[in-house]
Amino acid sequence: MFMRFITLSAAIVLVHGALIPHDGHDHTHNVNQGLPSAWFQTDDHPVHALFKRAFDDGVDYPAVGSPAWSAPFPTSTPDPNALPAEWVNALDAAVAAGKIPNIPQSSGKPQTNPVYPSGTNPTSPEVCSATYKCRNSGDIWNGPDGYFGTSFDDGPQPFTPKLLQFLDQNNEKATHFMIGVNILAFPQQFMATLNSDNDIAVHTWTHPYMTTLSNRDIVGQLGWSMELIHRSTGGRIPKFWRPPFGDSDNRVRAIAQEVFGLQTIIWNLDTSDWGITTGATTPEQVHTNMQQWLSGPKSPGLIILEHETSEASVDAFIAAYPLIKSNGWKTESLAELVGNGRSYRNAGSSASNDVISAGILIGNASPSNTSSAPSSSSSPSISTTTSSNASSASSTTQTTSTVVVSTAATSLATSSTPTSNSSTVNRDCGFLTWILSTFISATVMSVALIW
Ligand SMILES: [Zn+2]
């Protein structure tokens, strides 16, 4: 039945998503373009067994969007007892080495800030919860002076192609913090993002408050996202992740870093653009905020939270874009900007020809093995499977999308200007994907019942 669901989704995205042609970019960087001499972890670390794809391994990897592509992945919240052994081993090794702080899980109701057990201070250096405005120095909150780091959360979505087209027309790139189950639901929009040479980064599998999860649950949220992106981008390994709602603490960020080599990126300003469709804010208010921020000081550089969840949120960026340029901001995709010109752990960009595959991932630290870009014969391709039920399928996924974009969230503290020592975290786009994943499960069950 899951195969039928994916066929359903593939048919839908053919209806909703027009592929954006890649006309090339000529971005230049005054930063180090060199390849890393080794991946994040040492060669004997179990994490090296996590991502095994290599371009010369003889394996015929399924096309993105095909049933075989989606089959290995969970359709909703990952089961912590059904994780690949390598991931659990990597977690256990990190815990045993004392690298994962023993911080209690928070708890909370949907759309409320997570609360820690009595006796746990969320702003203490030991816990350092980003939700409570504690900035861990290892996380990224600010951009370099004078820069606007472009990024969007919660894709891929039905309006992703509109955003990509605008970016492409203006010779811009962005980092897209993607939700795993959304990649499964919108594979064509995912591939359009990749083929436009925009960056793919991790925004978890089902968009939970990460500090509420167990260590294994955190591993599942990040690991499945990493694996799907890895398999769907020609072997690229994401370098950055952004916690949903900006909710992270020292335990969560340590697991991301120690198990998967992921660096945490938050933001220093929040448009609350997710709230346009819910009435929590208006396009005019978003634009007023953008006018204020973009005409402000150039230090620190701006990392503004924006979403591709709806046409309204995409339009909010399009409306603000002239202000970015007229105020003299230099623009880069966020991952390239803070990643010294490299968007992925083992590749320069989505279109670069420098993917380091087997050699660096299975114990050979010498980056001698390179691969071709996604446009080559060894790169992932999109499945064009269609369904005779395309019409009803379209309705189904549009409804799913509506659920995604219409869910409200609560807000934390706001600030009119970014600072280097205090957070301006707002809640990031609500409880949307919990509902999305629930909806997908319900859809799968419905399809099974009907078919
Ligand atoms: Zn989000």
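These legends describe close-up views of a predicted model.

**View 1. Confidence along the chain.** The average pLDDT of the chain is 75, and 66% of the residues reach at least 70. Residues 1-40 have a pLDDT under 50.

**View 2. The crossing of helices α3 and α8.** Helix α3 covers residues 85-96, and helix α8 covers residues 250-260. Their axes come within 9 Å and cross at roughly 115°. This crossing is right-handed. On the α3 side, the contact is formed by W87, A90, L91 and A94; on the α8 side, I255, E258 and V259 take part. Sorted by class, the contact has 6 nonpolar residues, 1 charged residue and no polar ones.

**View 3. The largest nonpolar core.** This core contains 86 residues. V202, L222, I255 and V259 have the most contacts inside it. Helix α7, residues 215-232, supplies the largest share of the core, with 7 residues. In soluble globular proteins, nonpolar side chains tend to be buried together.

**View 4. The surroundings of V202.** V202 is one of the residues with the most contacts inside the largest nonpolar core. Leaving out residues up to four places away in sequence, V202 touches F177, L222, S225, M226, I229, P238, W241 and L262. Among these neighbours, L222 is also listed with the residues that have the most contacts inside the core.

Definitions and conventions: Residues numbered from 1 in each chain as written. Predicted model: local features only at pLDDT ≥ 70, side-chain atom pairs only at ≥ 80, totals over all residues. pLDDT = per-residue confidence, 0-100. Contact = placed C-beta atoms within 7 Å. Axes fitted to C-alpha atoms, helices over the stretch in contact; angles between N-to-C directions. Helix = DSSP H or I, 4+ residues; strand = E, 2+ residues; numbered from the N terminus. Left-handed = near helix turned anticlockwise from the far one by under 90°. Nonpolar A, V, L, I, M, F, W, Y, C, P; charged D, E, K, R; others polar. Core = buried A, V, L, I, M, F, W, Y, C linked by C-beta atoms within 7 Å. Buried ≥ 20, exposed ≤ 12 C-beta atoms within 10 Å, placed from the backbone.
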